[in-house]
Structures are given as structure tokens and as C-alpha cells.
Amino acid sequence: MDQFDVDLFVIGAGSGGVRAARIAAGYGARVRIAEEYRVGGTCVIRGCVPKKLFVYAARFAHEFDDASGFGWTVQGASFDWSTLIANKDKEIARLEGAYRANLDRAGVEIVPQRAEIEGPHAVRLADGTRVTARTILVATGARPNLGLDFPGRELGISSNEAFHLDRLPGRIVVQGAGYIALEFASLFAGLGAQVTVVHRGDRLLRGFDEDIRERIVGEMTQNGVSFVFNATIEGIFAVNGEKRVRLSDGRDLFADEVMLAIGRVPNIVGLGLDTVGVHLDAAGAIAVDANSRTNVPSIYAVGDVTNRANLTPVAIREGHAFADTVFGGAPWQVNYDLIPTAVFTEPEIGVVGLTEAQARAQGRRVDIYKTDFRPLKATLSGSASRVFMKLVVDQADDRVLGVHLIGETSGEIVQMAAIALNLNATKADFDRTMALHPSSSEELVTLRSKHASSDQVIPEVSTGATPAI
């Protein structure tokens, strides 16, 4: 008789944990998965999916504005926050049901309570039950960073609460400069709120290409978002039904809501990791090797709790690699190069590969190709929004190292570009690819002019309507 209750016990039923559980069960493993909140994790329940639904809602305002240039008259259009919330909740409930059904079909037992590690092969459930497992997988993700310390911090909200507000705030102050802060700033502005972003530095989106960081400020400002740079929030005070926000530069802002979006931290509190001596890294994430294994041989971790590349598709792939390797006899490791990323601001950002600065820091000599143009749609709509595209190309072998985009559907475009980069496509491969006309994406295969560096931008005159000659 087996000495363990199960072969695999997964703590956390988010994207990575669910994938690992299902694949392991498919190999015949006895699997249980514990989740103290809702099956689906941050992405499905209070992250990527509801966020993207809110983004869609916000973009209708721009579509209504654009419509008049094409002969449409939109009369009486209005927005109802409660309808959006109700329909969002309905869709999230449907997705959670689908996740549960997939686990059930795979033969995974769902444990709807908290689990903490008690030993190298044991977990303790909230009801006191002890479960032994040959292998334990931690997939508890990350949580909003609540490390700010100033008077009234409790009056602020995180991205979690933003999905459940009783009403759309007329004015909102957002502190942060990462993708979560900027996405919420854009969507709240699109829904009609007065939005101010406060950031302690002078540039947004650390780690992105400098051209992207510079241009997104102008685009978002044009879409109604205000920015306060080189300042932080030093206090939030409830005054006559509104919130007074004291900034470090001495000024006061007044808002209905204050959103604190300064990042996320690994969700490890109370997991019992110290009980068994699981090592953490300097950022407080679970330290793992290339196979997602901790220093305790029977304990593994995947997803944001490891702070490697904090994206849902990455967690899913890590969970799959773990299950194949540990239970399927088919070991493989996740490749973290060339991960496509989208930021659903207005306009949208899509990137994959090296930034210009990263390529140069590696000692590469690079050619830079850029274009900045008014898209065809804007010629009749009257929108001032522009499209920006940039290619970073290695001079040594002509390989395209990075693609960086701002504009409508940039996320969709960069997903396809990621395929080309994973196949080691060269600039010559891009050049001999037939353009799809008229489209914005055709510019990626018709770029001809080189630019010496990021600070030498020569705007192209293309509108996405005229083929390059």
C-alpha cells in the first residue's frame, strides 16, 4: 500500500496549478488541489480576464467618437457601470465553472480550503486534516504590494477591489507606472472618469523600450489621463465624502477613489515554507531551479510565486513542464526568451524580444528601423492617435531581435511577430514577406529607413494606406 495519500498535492488553483494538476492526473497520478478563494486564480477571477473585459467596455467611447467621421450618428449612448459589473461577474462565474469541470474530468479532487505545508511530504488543511503527498507543488501566485506606509493607506484600493466597486468613480488617482496602473488609468478614463497617475520617477513602464516609454505618455495624455511625475502619495484623508490625496511635492488632489498599483509580490504568507526550510530569493519569491524544483526535493513551485516571468501563459507552461517532467517521463524546461507581452492601455502596446538598450548592453551592434504614422482609420475619424513601430536588428546576422509597437491591435500583431522571432527570422525575411494592404501591420514588412539610435526619430509619412515604393 502506498505510504502517501496522494501523488501530488497542489496549493493554489490558478492557471499554473490547474494545468499542472490536470496534466499530472492525465499520467495517472492521484492529485488534489487546494484553493481557499475561487478556482481560476488571479488571471481568471480578478486579473487579466475581467481587466480585458473592462478594456473592451472603455474602448467603445473611442469607437463612438470615431463613428461620426464615417457617417454614423450615435445618439443617446450612455454607460451603466452596474451592467458591466453584473455581466463581468456572470462571465467570471462561467469560466470558474469551466475550470472546475476540467479538473473534475481529469480526476483531480478539489479541496475548497486553505492548505499549508507541514513537512516535506505533508500539508495541513484549514479544517485540521493532514494530507501526505509524494510531491507538493506551490502555485499561489502573487498579490498586490501593500507595503506602502502613510496615513490613510487603508482608504486606497488595489486592482482586486477595482473590479467590485459599487459605482464608477468620477475622479480617481492611481499611483504606479507599471502595466497594471496604466491599464486601469486608461480604462477608467475611457469610461468617463477623471484620472491622474502619480509616479515617483519621470518615466513609465520600466524595462520597456525607451521609445515606448516616451510615446505612451503623450498618447495617454491625449486620451484624457493626467500625469504627476517625481512625486508619491504621502497621505489619504476622508473629507466630506471625498478623498484628499496629499502628495510629496506638497500639492493636494481630490478624488472619489485612490488606486495603489505599485506592483505585486509573491503570495507566500502563511504557507509554512519556513517550516521545511524552502529557500526564498532576495525578492521574497520561492527560489527554484530550471525544473521548478526548490531546495527541498519533494517541493516544487510555478507561476508568479517564483517571480520569474509573471505572466499567465508562462505559469501555464511551467505547470505543464513540471507535470511532464515529474509524472510523464518526458522532461523539458521552459524557455523564457522571446515572451510576447501586451499592455492594454489606450492605445495598446505590444512587444517581444530585446529592447534597443538591452541589445546594446549585450555588446551587439544593431540597426534600428522605426515608423510613426497616422493609421488609415484616423484619416476619416479625425483621431489624433498614431501608430509607432520599431524593429531592433542584429548587424552581425540580420536577425530581428525585438519588435515594439504602439497602436490598435498591437497585442494581436506582436503575437504573430513572436512566431517569426522564435524561428530566428531576419530583416531580409521580413522584407521578402508580402505586405497585406491596407493594414497597419504591413509596415513591419515594408520598413526600409535605418535610424542611428532612439533619440534620432524620423517619422514616416505612411498612413497604412499606401504601399511602400
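**Rings and charges in a predicted model**

Hi everyone, let's begin with the rings: ring pairs link F54, W81, F163, F184 and F188 into a cluster. What we have here is a predicted model, where local features need pLDDT of at least 70, side-chain atom pairs count only at pLDDT 80 or more, and totals for chains, interfaces and linings use all residues. Residues are numbered from 1 along each chain as its sequence is written, and side-chain values use heavy atoms, with hydrogens and water left out.

Rings of Phe, Tyr and Trp (its six-membered ring) pair if their centres lie within 6.5 Å; planes under 30 degrees apart are stacked, over 60 edge-to-face, and the rest tilted. By this rule there are nine aromatic pairs. For F54 and F163, the centres are 5.3 Å apart and the planes stand at 70 degrees, so this pair is edge-to-face. F54 belongs to helix α3 (residues 48–67) and F163 to the loop between α5 (159–162) and β8 (171–175), so the pair ties together parts that are 109 residues apart in sequence. Helices (H or I, at least four residues) and strands (E, at least two) are DSSP runs, numbered from the N terminus.

Are F54 and F163 buried or exposed? Both are buried, and the cut-offs are under 20% relative accessible area for buried, over 50% for exposed, and in between for partly exposed (1.4 Å probe, protein chains only). F60, also a residue of helix α3, is partly exposed at 49%.

Now for the charges. A salt bridge needs a side-chain nitrogen of Lys or Arg within 4 Å of a carboxyl oxygen of Asp or Glu, and the count comes to 39. One of them joins D7 and R134, at 3.9 Å from N to O. D7 sits in strand β1 (residues 6–11) and R134 in strand β6 (residues 130–138), so this bridge ties together parts that are 127 residues apart in sequence. D7 is buried, with a relative accessible area of 14%, while R134 is partly exposed at 38%.

Next, which residue does R59 meet in a salt bridge? The partner is E348, at 2.7 Å from N to O. R59 is in helix α3 and E348 in the loop between β17 (341–343) and β18 (349–353), 289 residues apart. E348 is buried, at 5% relative accessibility.

E118 and R124 form another bridge, their closest N and O atoms being 2.9 Å apart. E118 is partly exposed at 31%, and R124 is partly exposed at 32%. Finally, have a look at D209, D211, E356, R360, K370 and K390, which are linked in a network of salt bridges.
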